[in-house]
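I opened this entry to look at one helix and at the aromatic contacts. My notes follow in the order I took them.

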Amino acid sequence: MTDVREVRWRRRLRELGAAAAAGGAPVTYGLIALCCAVFLVSPLSGLNPAYGSSADALLAAQAGYFERWGVIPSELLDGTARAALTPLTALFVHGSWLHLLGNMLFLYVFGAMAEERMGRTEFTVFYLVCGYFALAAYAVVHADSDQTLVGASGAISAVLGAFLQLFPRARVTSLFPFLFFLPLRFPAWMVLVFWFVLQWLAAQNAGSGPGVAYLAHVAGFAAGFLYAWVRFRGTRVKAQATATEGDSQP
């Protein structure tokens, strides 16, 4: 006997996937384009001649750029408007080509279908608010740190958390280094839960010094999952879907 609800969900899932594949996720693609454009014109890309060509000049420009647009935990809670805005500006700043490409890969893979499910305006607000929360949460825990925090990792982690709630049975293609980068397909819930556990374990051993802000990943993922659970509880897509995923850390 055919389950009518399952058939409807399959049809809805195909519609979401087709819309996303046809360029129906302008917010996701716009965020990717904006992050790439910001990086290319910044001193971090090394391509903008306005910042000079010598190593010393570039390093000085990069340090100043981070301080201006990134989150400095020890300054975030000082009450100034400039400091309060840095969790938003930091979402569009990336520290290296690898940092940028890894984040944009995850956003490209998981953002389009989440945007189609939420809608343009809701997804935009969700991305910015969760990204702000993730960076602010890290800053509060490491309130004495002077290390600058940048990147879209917290916001993209929220997208991953929402995707887990919305499309738990979607099948994603993953590349695992310890399996010789063989492309293997797993349900989204398995891949994303595994990813979250890795971030959680890494956060337990991470300090406030230079490196990956794993705590921001954990906070963003939890915020995204909880939002989707409350907002779309009882309406998530249960049928199988297809997606792809790289092995870079957001």
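I started with W195 and F221, and found both buried. The model is predicted, and I read every value below with that in mind. I then counted ring pairs and got 10 aromatic pairs. For W195 and F221 I noted ring centres 5.7 Å apart. Their planes sit at 35 degrees, between the 30 and 60 degree cut-offs, so I logged the pair as tilted.

Ring pairs link F106, F110, F163 and F167 into one.

Then I turned to α6, which runs over residues 97-118. I counted 22 residues in it, with a reach of 30 Å from first C-alpha to last. That is close to the 32 Å expected at 1.5 Å a residue. Where does α6 bend? I found the bend at G111, about 40 degrees. Just after the helix, G119 takes a positive phi of about 100 degrees.

Is α6 enclosed or open? I found 16 of its 22 residues buried, so α6 is largely enclosed by the rest of the structure.

Last, I checked for charges over rings. R231 lies over the face of F232, 4.6 Å from the ring centre. R233 lies over the face of W229, and there the distance to the ring centre is 4.5 Å.

Conventions:
Residues numbered from 1 in each chain as written. Predicted model: local features only at pLDDT ≥ 70, side-chain atom pairs only at ≥ 80, totals over all residues. Heavy atoms only, no water. Helix = DSSP H or I, 4+ residues; strand = E, 2+ residues; numbered from the N terminus. Expected span 1.5 Å × (residues − 1). Bend = angle between axes of the 7 residues up to and from the residue. Buried < 20%, exposed > 50% of the residue type's maximum accessible area, 1.4 Å probe, protein only. Phe/Tyr/Trp six-rings, centres within 6.5 Å; stacked < 30°, edge-to-face > 60°. Lys NZ or Arg CZ within 6 Å of the ring centre and 35° of its normal.
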